[in-house]
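Reader: I'd like to go through this one residue by residue. Can you walk me through it?

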Amino acid sequence: MQRPSYVPDLDFVCTDQEGQLVAYCLGNLFRNADGTIDDAAAWILRLGTHPNYRGEGLGTALFRLMLTKFRNLGCSSTLLNVFATNDPARKLYDSEGCECLYRMKCYVSSF
């Protein structure tokens, strides 16, 4: 939130009737040195739904809302990461026409 590229309007949350968070989608824009948005400027940082609310279409709705917001800001593409083991997220992104650009390995060291 401290970065110059932070855009508060790209934080979407969904709450239940008691005001408890049930789903969210956080986005970001990447800009050129002169402040203009480049072609691959949009990034979905996080998208999540509380387990009790999965399967109700909240993640899909927030994902579509974010893509619409990005398009309205002049972005022509959106990037995101997903773990290969996250089948629900991969199913959502596949159903929305996303394509896998590359796969990467992650390493961890425990102390």
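Author: Helices here are DSSP runs of H or I, at least four residues long, numbered from the N terminus. F63 lies in one of these, helix α1. Keep in mind that this is a predicted model.

Reader: Is F63 buried or exposed, and what is its relative accessible area?

Author: Buried means under 20% relative accessible area. F63 falls under that cut-off, so it counts as buried, and its value is 1%.

Reader: Which residues is F63 in contact with, leaving aside neighbours within four places in sequence?

Author: F30 sits 33 residues away along the chain, with its C-alpha atom 18 Å from that of F63. The contacts of F63 outside its sequence neighbours are I44, L47, L80, L92, Y93, E96 and C98.

Reader: What span should α1 have, and how far apart are its end C-alpha atoms?

Author: Helix α1 covers residues 58-72, which makes 15 residues.

Reader: Within what arc do the buried residues of α1 fall?

Author: The buried residues of α1 are L58, G59, L62, F63, M66, L67 and F70. Seen down the helix axis they line one face, because they fall within an arc of 165°.

Key
Residues numbered from 1 in each chain as written. Predicted model: local features only at pLDDT ≥ 70, side-chain atom pairs only at ≥ 80, totals over all residues. Heavy atoms only, no water. Helix = DSSP H or I, 4+ residues; strand = E, 2+ residues; numbered from the N terminus. Expected span 1.5 Å × (residues − 1). Buried < 20%, exposed > 50% of the residue type's maximum accessible area, 1.4 Å probe, protein only. Arc of directions from axis to C-beta. Contact = heavy atoms within 4.5 Å.
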